[in-house]
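Open the model in your viewer and keep the selection tool at hand. The tour goes through a few selections in turn.

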Amino acid sequence: MYNQVLDTFIAVAREGSFSKAASSLFISPVSVMKQINHFEAELGFKVFERTPRGVTLTPAGRSLLAASQQIIDESRTAVTKAKSLSKQPQTTTIRIATSLLRSAQPIMEAWEQISSENPQYTIQVMPFNDDASSLRRVTNQLGKTVDLSVGPTNANYLMNNDISFFNLGDRQCNVMVPKKNQLARKQRLTWTDLDGQALLLLRPHLSPKIDELREEIKSQHHRIQIINTDHFYDMAAFNLAANHNYLMETLDIWNDIHPSMVSLPMDWDYSISYGILYSSSADERVKEFISMVGQQYLKVNQK
């Protein structure tokens with residue numbers, strides 16, 4: 001930072017005497033004289049005129065004096081700022097992938113409740129589409145360019161990857177009904193209600209739980225027509241159901257996802273595990289964040 005000989009230079013200029021400056025600085029006059037002589041030698045010009053009555057500033061010395069205090073003040077301000085920053089905890093940015101059907105909103109609401117107590121974390125939200133290629137890309141990037149996502153965890157493809165889960169609780173499987181369908185006026189559905197209807201399901205071998213549901217329909221409810229999706233649900237699947245008057249198995253968290261359909265509870269015992277997805281080899285600070293925000297979510301939602 002600034003050369004501390006400036007303090008000696010300012011003291012001599014203020015006192016007009018080496019000996020008086022030495023007294024104010026609690027050092028010897030010889031030390032003051034040596035510092036000023038060395039200072040002038042480094043600068044290459046005189047800052048003081050020596051006389052029997054004391055010392056006076058040269059024109060160059062007066063110019064330097066005018067700038068010296070500013071140099072000292074700016075240097076001290078810089079040191080204070082740097083010291084303050086050095087005491088702050090290291091900040092970790094958590095990159096959260098979010099989409100319409102795999103929304104990060106549940107954990108974002110939990111984070112808002114505890115963020116002020118945890119300034120060591122900042123959040124970067126990364127939107128993506130729900131189509132198959134985008135979902136695959138986000139999953140493959142967990143632990144690389146993405147730290148976590150939120151959504152259903154009962155999926156076969158997740159078992160073949162280096163992925164861990166923080167369970168946020170199971171979500172109930174509902175039946176979404178187009179508003180133009182007469183069943184939309186009901187409060188709750190039964191298996192009998194589904195007779196003669198077409199039901200949209202995830203295609204086989206995507207979700208073990210939906211595969212169980214499919215097998216029950218095939219073996220016990222022959223009057224229900226099964227329509228298989230091409231992949232996991234995206235908005236195209238909801239549009240397909242709405243436009244063709246298909247019923248659709250969905251999760252209760254998606255109740256308001258499509259304006260032309262209503263979500264109704266169904267008399268069956270099917271639910272899907274739901275939670276935070278992250279890389280098993282994620283940084284410990286990322287895992288700490290996931291545990292912290294996950295526990296907060298459970299604390300609020302399991303009362």
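The stops below cover a hairpin, a helix pair and a strand pair.

This is a predicted model, in which local features need pLDDT of at least 70 and side-chain atom pairs count only at pLDDT 80 or more, while totals for chains, interfaces and linings use all residues. Residues are numbered from 1 along each chain as its sequence is written, and side-chain values use heavy atoms, with hydrogens and water left out.

Start with helix 1 (residues 5-15) and helix 3 (residues 29-43), whose axes come within 10 Å and cross at roughly 110°. Helix 1 is therefore roughly perpendicular to helix 3 (angles of 65 to 115 degrees count as such). Helices here are DSSP runs of H or I with at least four residues, strands are runs of E with at least two, and both are numbered from the N terminus. Axes are lines fitted to C-alpha atoms, for helices over the stretch in contact, and angles run from 0 to 180 degrees between N-to-C directions.

Now show side chains. Val 5, Leu 6, Thr 8, Phe 9 and Val 12 of helix 1 meet Val 32, Gln 35, Ile 36 and Phe 39 of helix 3 (contact means heavy atoms within 4.5 Å).

Next, select residues 48-51 and 54-57: strands 1 and 2 run antiparallel and are joined by 4 bridges (pairing takes at least two DSSP bridges). The hairpin between strand 1 and strand 2 has 2 residues. Arg 50 has Val 55 as its bridge partner in strand 2.

Last, select strand 5 (residues 148-152). Because 4 of its 5 residues are buried, strand 5 is largely enclosed by the rest of the structure (buried means under 20% relative accessible area, with a 1.4 Å probe and protein chains only). Strand 11 (residues 271-279) runs antiparallel to strand 5, with 5 bridges joining them. Pick Ser 149 to find its bridge partner in strand 11, Leu 277.

Terms used. Angles under 35 degrees count as roughly parallel, over 145 as roughly antiparallel, 65 to 115 as roughly perpendicular and the rest as oblique. Buried means under 20% relative accessible area, exposed over 50%, partly exposed in between (1.4 Å probe, protein chains only).
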